[in-house]
Amino acid sequence: MKSTKNKIVYVPMAADYLHIGHIKIINEAKKHGKVIIGLLTDQAISSYKRVPMTSFEQRKKIMETIAGVWKIIPQHTLDYTETLQELKPDFFVHGDDWKEGIQKKVRKKVIETIKEWDGKLIEPSYTQGISSTMLIDGQIEQGVTPDYRRKQLKKLMGLKPIVRVIEAHNGLSARIAETTKITCGNEIREFDAIWESSLTDSSSKGKPDIELVDLTSRTQTINEILEVTTKPIIVDGDTGGLIEHFVFMVKTLERLGVSALIIEDKVFPKRNSLLDGAIHISEDIDKFCAKIKAGIHARVTQDFMIIARIESLIAGKSVSDALLRANAYIEAGADAIMIHSKNKDPVKLIEFCKQYNEFKNKVPLVVVPTTYNHLTEDELKDMGASIVIYANHLLRASYNSMKQVAETILENKRSLETDNICIPIKEVLRLIPHNGC
Ligand code: SPV
Ligand code: MG
């Protein structure tokens with residue numbers, strides 16, 4: 001029989017924000033043998049919650065300084081079975097909080113797996129009132145600097161199979177984009193980033209989406225969003241306007257902490273891509289490439305991405321035209337390509353993706369499935385998309401609700417009947433932090 005000295009104790013943890021709870025678990029683990037920490041990789045953490053604040057390498061360095069930790073190995077998935085089969089540890093240690101909630105199933109699988117070699121599960125009691133998630137959420141609620149925020153989109157793209165982005169057009173919708181979370185199986189699902197849309201920014205001001213709302217006004221909306229969120233922001237820059245103006249747009253947005261600016265290859269003033277019957281004039285390829293190059297030259301950091309949006313399929317042009325443009329824009333330095341389509345049947349878009357995936361020099365692909373919204377994120381990812389943008393949904397939802405309430409008041413000549421379709425005032429006050437309750 002192995003003596004305690006030679007027994008193996010496996011302890012998986014994320015340790016994104018080390019606290020007394022982790023130390024308690026390690027102290028318990030080391031009583032039983034040699035402690036191997038299965039440190040969750042950045043990808044593993046991102047697969048079930050927000051991307052880690054500290055990188056795997058940094059977390060590993062911190063862990064190495066803890067007395068009683070024998071080895072640190074990367075834990076690549078939330079399913080520990082493969083690592084356990086390999087290590088066959090005598091003990092598996094995990095805080096008892098996983099008996100309930102999203103990790104319940106993982107726990108069951110661990111118990112079944114270690115039973116094969118008579119491994120024992122040790123579950124030290126959870127340290128109440130403290131968790132990495134709580135500490136990180138608290139820190140994030142304090143706000144983030146422009147530099148920190150700007151970097152986050154590239155980081156997300158490196159860690160997530162597909163980055164999920166939703167539109168916001170003011171502070172309130174931005175709070176929804178920032179805070180909405182649901183639990184699905186093992187995963188806490190939320191939006192990764194915010195789309196500052198020309199359509200919804202213009203519409204919420206009661207203005208047409210024809211590049212009438214100028215950069216100063218758009219910047220005001222962006223600032224409203226920045227003030228109450230921490231997630232990365234992608235700005236819809238329309239055509240980018242004149243080159244001389246575009247370089248200022250790049251500088252302004254980069255300085256604010258925006259992560260990416262998307263410009264479309266149409267002639268100023270563009271019409272909204274989804275507008276039925278609109279005439280869309282494609283920009284000359286060389287002129288658009290010159291604009292991309294000017295933007296790349298104007299930015300200060302590589303964190304700020306300039307994304308070229310191809311409107312060939314919107315303008316009634318062919319997939320070949322879109323591919324030709326994609327090649328040229330990548331050559332000009334675009335950090336990513338957005339391919340747009342307004343067809344419900346995305347057959348041409350799928351064809352574009354297929355051929356695009358064959359490119360040797362391809363960059364990440366962005367899609368906006370407003371019309372072909374039967375496709376799921378998994379399907380879009382399989383088509384090669386790295387970013388999916390839900391471009392207008394919060395505005396469309398709020399308009400519907402507002403209209404219904406307005407009509408209900410008119411019908412009844414009072415507002416009682418709207419009570420069940422409006423959130424209570426109490427909740428409105430609770431919605432926004434610092435209202436004093
Ligand atoms: C926007 O949201 O403003 C867009 C996407 O540019 S679309 O409305 O589909 O053109
Ligand atoms: Mg737009």
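Colleague: How far from an oxygen atom of ligand 1 does a polar side-chain atom of D236 lie?
Modeller: This is a predicted model, in which local features need pLDDT of at least 70 and side-chain atom pairs count only at pLDDT 80 or more, while totals for chains, interfaces and linings use all residues. Residues are numbered from 1 along each chain as its sequence is written, chains are lettered from A and ligands numbered from 1 in the order in which they are written, and side-chain values use heavy atoms, with hydrogens and water left out. Polar contacts are pairs of N or O atoms within 3.5 Å; within protein, one must be able to donate a hydrogen and the other to accept it, and residues adjacent in sequence count only if both atoms are side-chain atoms. For D236 and the oxygen atom of ligand 1, the distance is 2.8 Å.

Colleague: How many charged residues are in the shell around ligand 1?
Modeller: Residues are counted here if one of their heavy atoms lies within 4 Å, and those that surround ligand 1 include W195, S197, L274 and H340. Ala, Val, Leu, Ile, Met, Phe, Trp, Tyr, Cys and Pro count as nonpolar, Asp, Glu, Lys and Arg as charged, and the others, Gly among them, as polar. By these classes the shell has four nonpolar and five polar residues, and the number of charged ones is two.

Colleague: In which space does ligand 1 sit?
Modeller: On a 1 Å grid over the protein atoms alone, a cavity is a set of points where a 1.4 Å probe fits but cannot get out, whereas a pocket is an open set with protein on both sides within 12 Å along at least five of seven lines, and lining residues have an atom within 4 Å of a point. The 19 residues that line the largest cavity include W195, N272 and R309 among those nearest its centre. A molecule sits in such a space if more than half of its atoms lie within 2 Å of its grid points, and ligand 1 sits in the largest cavity.

Colleague: Which helix gives the most to the lining of the second largest cavity?
Modeller: Grid points are joined across faces, edges and corners, and a volume is the space filled by probe spheres set on the points; the second largest cavity holds about 150 Å³. Among its 16 lining residues, R50, V51, L156, D192 and P232 are the closest to its centre. Helices (H or I, at least four residues) and strands (E, at least two) are DSSP runs numbered from the N terminus. Both α6 and α7 (146-159) supply at least two residues of this lining, and the one that gives the most, with three residues, is α7.

Colleague: What is the volume of the largest pocket?
Modeller: Its lining has 37 residues, with Y48, K49, H94, D97 and Q103 nearest the centre, and α1 gives the most, with four residues. The volume of this pocket is about 850 Å³.

Colleague: Which peptide bond is cis, with omega near -10°?
Modeller: Most peptide bonds are trans. P269 lies in the loop between β11 (260-264) and α12 (285-298), and the cis bond runs from F268 to P269.
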